[in-house]
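Colleague: Can you walk me through this one? Start wherever you like.

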Amino acid sequence: WLADAQIEDGADAGSWESPRYASAATGFAGLSFLANGHLPGRGDYGRAVDGAMRYIQAQMTPEGYVGSQGDSMYVHAICTLFGLSYLGMSEEPQRERELAEWCRRSIKLIVEAQQIRKRSSEQGGWRYTPYSVDSDLSVTSWQLLVLHSARQCGYEVEDGVFEAALKYVNRGFVEEDEEGGAAGFVYRPGVSKEPEPGVTGAALFVKSLLEEERDERAGKALDYLRGFPPAWGGRQYKGYFFFGSFYQAQGMFQIGGESWERYAPAIQRVLVDNQSGDGHWEFPADNKVQSRLAGLGYSTAMGVLILSLEKQYLPMYQRQKRLY
């Protein structure tokens, strides 16, 4: 379905139709092909992967920003992940050199965006633009995922960048309160009060990737997430089923063991049961208002990506530590 839905001609050639976030939808779609071993220029989907990368590369501004379409560091991170995952796969040396430089510029922008002067409670994180003076844990998790993948690809990223970001993430943990409120991670440390499943999944994921030992916060976050089994929509997703599931699935996969063994068949069943007959995914009914601007290329690519974790073909998917 994704291959058939890709735009073939005109200024948007190589992308997928999206009311607002064509770059993000295209980045996710390109990643979904790579996550299943389909390499650029080769096989049934090589042309689709190549076309997607050409479209994404053309979206970078002179400043090195790829998120201007949608005005979002989310978009920047997603597109950069696609570039880093594609890097080393092309059989064209000049193309590889150009992409390596493109990725370097994109990574540099992320690092510089973290250094914008902010209040102490916001330091170490990222938010919607390279110039944001506030932060949130969701956007921060995406930038950390990019920087982790960049290191795997051989780019140098200073330890202090990760240390500052993880301090910000850990500031987002709230303990169980006397009124029965659960322990977990909040969307905006120092601002938000209640933990959220999607954000807690994102925190658990980046902590599992980047911290050497699982701490007490990760253990409590895992306990919190067990109270939100996969479902086709529902209040736990706050209108973002695919984003929330993407976070939670990766957190559970990195933890591994019984947590993943219990979670994996549940999310797989939810997705398979709700896939359309031609291969694409719609949005859960209670997610359409929030997510419709992303388009069906986004939802379908995300469905594929969630189902592709165990292959570990993408740098961001490779399990980092022993199973718990």
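**The largest pocket**

Modeller: This is a predicted model. Its largest pocket has 31 lining residues, and those nearest the centre are Tyr74, Ser138, Tyr240, Phe243 and Gln290.

Colleague: Which elements give two or more residues to the lining?

Modeller: They are α2 (22-34), α4 (73-86), α8 (197-210), α10 (241-255) and α12 (288-291). The largest share comes from α10, with four residues.

Colleague: How much space lies in the largest pocket?

Modeller: About 830 Å³.

Colleague: And what is the lining like by class?

Modeller: Of the lining residues, 18 are nonpolar, nine are polar and four are charged.

Colleague: Back to α10. Is the helix buried or exposed?

Modeller: 15 of its 15 residues are buried, so α10 is largely enclosed by the rest of the structure. Buried here means under 20% relative accessible area.

Colleague: What span should α10 have, and what does the model give?

Modeller: At 1.5 Å a residue, its 15 residues should span 21 Å. The end C-alpha atoms of α10 are 21 Å apart, so the two agree.

Colleague: What follows α10?

Modeller: Gly256 does, and its phi is positive, near 75 degrees.

Colleague: New topic: the chain. What secondary structure is there?

Modeller: The chain has 13 helices and two strands. Of its 324 residues, 57% count as buried.

Colleague: What radius of gyration does the chain have, and what would a compact globule have?

Modeller: The chain has 19 Å. A compact globule with 324 residues would have a value near 20 Å, so the chain agrees with that. Along its principal axes, the C-alpha trace spans about 60 × 45 × 40 Å.

Methods:
Residues are numbered from 1 along each chain as its sequence is written. This is a predicted model: local features need pLDDT of at least 70, side-chain atom pairs count only at pLDDT 80 or more; totals for chains, interfaces and linings use all residues. Side-chain values use heavy atoms; hydrogens and water are left out. On a 1 Å grid over the protein atoms alone, a cavity is a set of points where a 1.4 Å probe fits but cannot get out, and a pocket is an open set with protein on both sides within 12 Å along at least five of seven lines; lining residues have an atom within 4 Å of a point. Grid points are joined across faces, edges and corners, and a volume is the space filled by probe spheres set on the points. Ala, Val, Leu, Ile, Met, Phe, Trp, Tyr, Cys and Pro count as nonpolar, Asp, Glu, Lys and Arg as charged, and the others, Gly among them, as polar. The expected span of a helix is 1.5 Å times one less than its number of residues. Buried means under 20% relative accessible area, exposed over 50%, partly exposed in between (1.4 Å probe, protein chains only). The radius of gyration is taken over C-alpha atoms; the globule rule is 2.2 Å times the number of residues to the power 0.38.
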